[in-house]
Amino acid sequence: MSDEFTAPAGVQGEAEYLASSGTAETRQGYSGWIVPAEKIADVFEQLSQRFGYDFLSSLTAVDNFPEATLEVVYHVFKSIGGGPLELKVVVDRESPIVPSVTKIYKGAEFQEREVWDLFGVKFSGHPDLRRILLWEGFEGHPLRKDWKEPFYEEEAKPFKSRWPDGKAEPNESKNPFNDNVQYPPDFTPKNWTPPTEEALIDLMQPEAETEGLETGQLILNLGPQHPSTHGVFRMVAATEGEAIVSLKPVLGYLHRNHEKIGERNTFLQNMPYTDRLDYITSMSNNFGYAVAVEKLMGITPPERAEYLRVMMAELTRIASHIMANGFLLNDLGAYFTPSLYSLEERELILDVFEATAGSRMMCNYFRFGGVARDIPPETLKKVHSLVHDRLPRKIDELDRYLTDSEIVKVRTQCVGVVTDEQAINTSITGPVLRASGVPYDVRRADPYSIYERLEFDVITKMHGDVYDRYLVRLEEMRQSVRILKQVLDQMPDGPIMTGRPQYQVRVPAGEAYGRVEGPKGELGFYVVSDGKPNPKRYHVRSPSFVNLTGLEQMCLGMKIADAVTILGSLDIVLGEVDR
Amino acid sequence: MIGFGLIKGLAVTLKRFFQTYFVTNKLGSKHYYTEEGIESRYDPSTEGIFTVQYPEEKPMLPEEFRFVPFLLYEVNEQGDKEFRCTACGICAKVCPPQCIWIKRMTDPATGRPSPHPEEFTIDIDICMNCGYCAEYCPFDAIKMDHDYELSSYSRENSVVSMEQLGKPVDYYAKIRPDNYRREEEARAAKKQPAAS
């Protein structure tokens, strides 16, 4: 970590290169480089080829309304570790066109579609620029600042109608389709029928058929209502016989425009909403958001709070991984015995959350500069006995139960293979990436909180198939137990908050990208503040969503039944995918 | 040997099966529907089934458990309810889904606002149980409840008025003894320097 790579004389360093093709950001609190739109693809080509920035973490946009510009923001990293490089493209708000970077980073595919969907930025050269979270024919681009949702009340919370002259009015009594709903010009709700999905089907249409044989491809819908899809998620697969030749995920059934809600909220009010992203791992989500906003505020939590945070995050990781492994077996057809065994352990972990944070799933435990409350002593004892006795025992039991099982092996080995290069290029993160042999873990690659001083291994496996992902999760649980043991030993006494708890925090203007290693992968929060009580921009880089970019690649040539397994091994949570 | 892994796995399920039987028999008839039985199922050393047979059995609630808020009142000598709330509006401002409506009382004599709520309404359909109102209330006037059985036949019932929200301080002391003790100590400490 100490010996920095320095370019030999005569060879252009990365800062020099960037200075030659863009301008450095000068606004207070901002960082990175502004690159002209037409150059962006070249710049990324160079950055990934010459300087090793091969991993595109987040791609999003910021609306500068009432100014007439939109910014497209890219965060790229090196897959060998290190901090972010941030690039921005500033475009005109009326007709924003940016060259697509999907040829360089495949991981940009869904993220660019999302930016098109929510901001209306056109990415020229994108292979499939359709809306992703909303339906085709939706009017407007909701994350633009001048777009207003149904039940719109005010630009920002707290609403003035609540106090001091609050008169409760149930939402039922309001008409949601009022003058704040925009329809396309020739649209009448009464005559509307949902558009056919020609664009989608055309995309998947078969090539020339096998000569001599009269076989055709069959388009098959899996979901949105199907137990294998872990929620309301749809996969449209074109099959040749039983083999998948093309597969497109269709998302957005659970879309609630989390980011728009976030921009209406104050900074603190957002915290409980992050619980609802990936509802299995709410503590991790809290962590990511707290890290991002604390970066912006320039505060660090006291020692004890850091230890409590890591403790909760690692317990969450165990709960999430054990469930992912259990439910993977559901997808394999071992209906509910393994998943209920793993749910038992999760129950006990949730009991700890309940006694500490007050709620089992929607914990809302983290605050900026600390945590909400200290852990009660008897609960700490319970964590002790979980960590030192029960969890290791039960993880071993799960190992004995499933790892050697021939049925599990036959169904998962060599299924859904993704190579290391593909995985990095597709921006896949978390256990899925590490199962492909890339030792990339944000806790090590770009350490946050107190992870630097904790001992643990980054687990990697070499095959990149479903079985390896299962093994990585299993081993990571053991590593989490190892971290927890250290945390319990070292936890100091002391305060759990810096400063007094405030209901309205002061966040200086600027931007911050905070990321943590969530159980599903890299969870990033991009927060922009303009000094007001509400964030100007709040973006969630959700691992489940970005990991889905690689789904088609993994499923090609596999059987339909394998697609279910592969989806199970990605361990998505739809609350986070659709946001 | 093919099949060995499978047998090893099945041995785990078999062990679990017998464990469940022995654990249930250890406490005998006390395993279900007794406090002791429920407690044993919450212990990290428990084996076998730990389902709590709701609604016949109720799960154990830790003190910090939170569900929709209620308003604290004290009963004065005349037997009237005195709400602790001062209508300062912090809970309404901090509430993430904005489910709290407060109408501040105006003094009829002077026409100036007085520190009491005239109306205090919570739409518990919107409430997300985050607990911010209780956390940031400077007067310990609003707290999170332990009562989670709130189903009703009509949605109108979930817009809850001040009368329905009010609960005596004794109730609070009962559901959250530790918090209550801490807060009372802090109040006493605050009062003392003013008196001396």
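**Helix pairs, domains and the chain contact**

In this predicted model, helix α8(A) passes helix α9(A) in a left-handed crossing. The residues that make up the contact of α8(A) with α9(A) split into twelve nonpolar, five polar and two charged. As for the geometry, α8 covers residues 303–332 of chain A and α9 covers residues 337–357 of chain A, and their axes come within 8 Å and cross at roughly 165 degrees. An angle over 145 degrees counts as roughly antiparallel, so that is how α8(A) and α9(A) run relative to each other. On the α8(A) side, the residues involved include Leu315(A), Ile318(A), Ile322(A), Met323(A), Phe327(A) and Leu329(A). Across from them, α9(A) brings in residues such as Pro338(A), Tyr341(A), Leu343(A), Ile349(A) and Val352(A), with Glu345(A) and Arg346(A) also among them.

Further along chain A there is another helix pair to look at. Helix α10 (residues 377–403) of chain A packs with helix α15 (residues 466–490) of chain A at an angle of about 165 degrees, and their axes are 10 Å apart. The two helices, α10(A) and α15(A), are therefore roughly antiparallel, and α10(A) passes α15(A) in a left-handed crossing. From α10(A), the contact draws on residues including Val383(A), His384(A), Val387(A), His388(A), Leu391(A) and Asp399(A). These α10(A) residues belong to a contact in which α15(A) supplies, among others, Leu474(A), Met477(A), Arg478(A), Val481(A) and Lys485(A). By type, the contact of α10(A) with α15(A) comes to ten nonpolar, two polar and three charged residues.

Zooming out to domains, the assignment for chain A gives domain 1 (14–124) and domain 2 (258–578). Taken over C-alpha atoms, the centres of domain 1 and domain 2 of chain A are separated by 27 Å. The contact takes 23 residues from domain 1 of chain A and 26 residues from domain 2 of chain A. On the domain 1 side, the elements giving two or more residues are β3 (55–63), β4 (69–77) and α3 (108–119) of chain A. The largest share of that side, six residues, comes from β3(A). This side of domain 1 of chain A divides into eight nonpolar, twelve polar and three charged residues.

Finally, the two chains touch: 40 residues of chain B are in contact with 42 residues of chain A. Elements of chain B that put two or more residues into its side of this contact are α1 (4–26), α3 (90–94), β3 (100–106), β4 (113–123) and α4 (132–136). Of these, α1(B) gives the most, with six residues.

Terms used:
Residues numbered from 1 in each chain as written. Chains lettered and ligands numbered in written order. Predicted model: local features only at pLDDT ≥ 70, side-chain atom pairs only at ≥ 80, totals over all residues. Axes fitted to C-alpha atoms, helices over the stretch in contact; angles between N-to-C directions. Helix = DSSP H or I, 4+ residues; strand = E, 2+ residues; numbered from the N terminus. Parallel < 35°, antiparallel > 145°, perpendicular 65-115°, else oblique. Left-handed = near helix turned anticlockwise from the far one by under 90°. Contact = placed C-beta atoms within 7 Å. Nonpolar A, V, L, I, M, F, W, Y, C, P; charged D, E, K, R; others polar. Domains from an automatic or database assignment.
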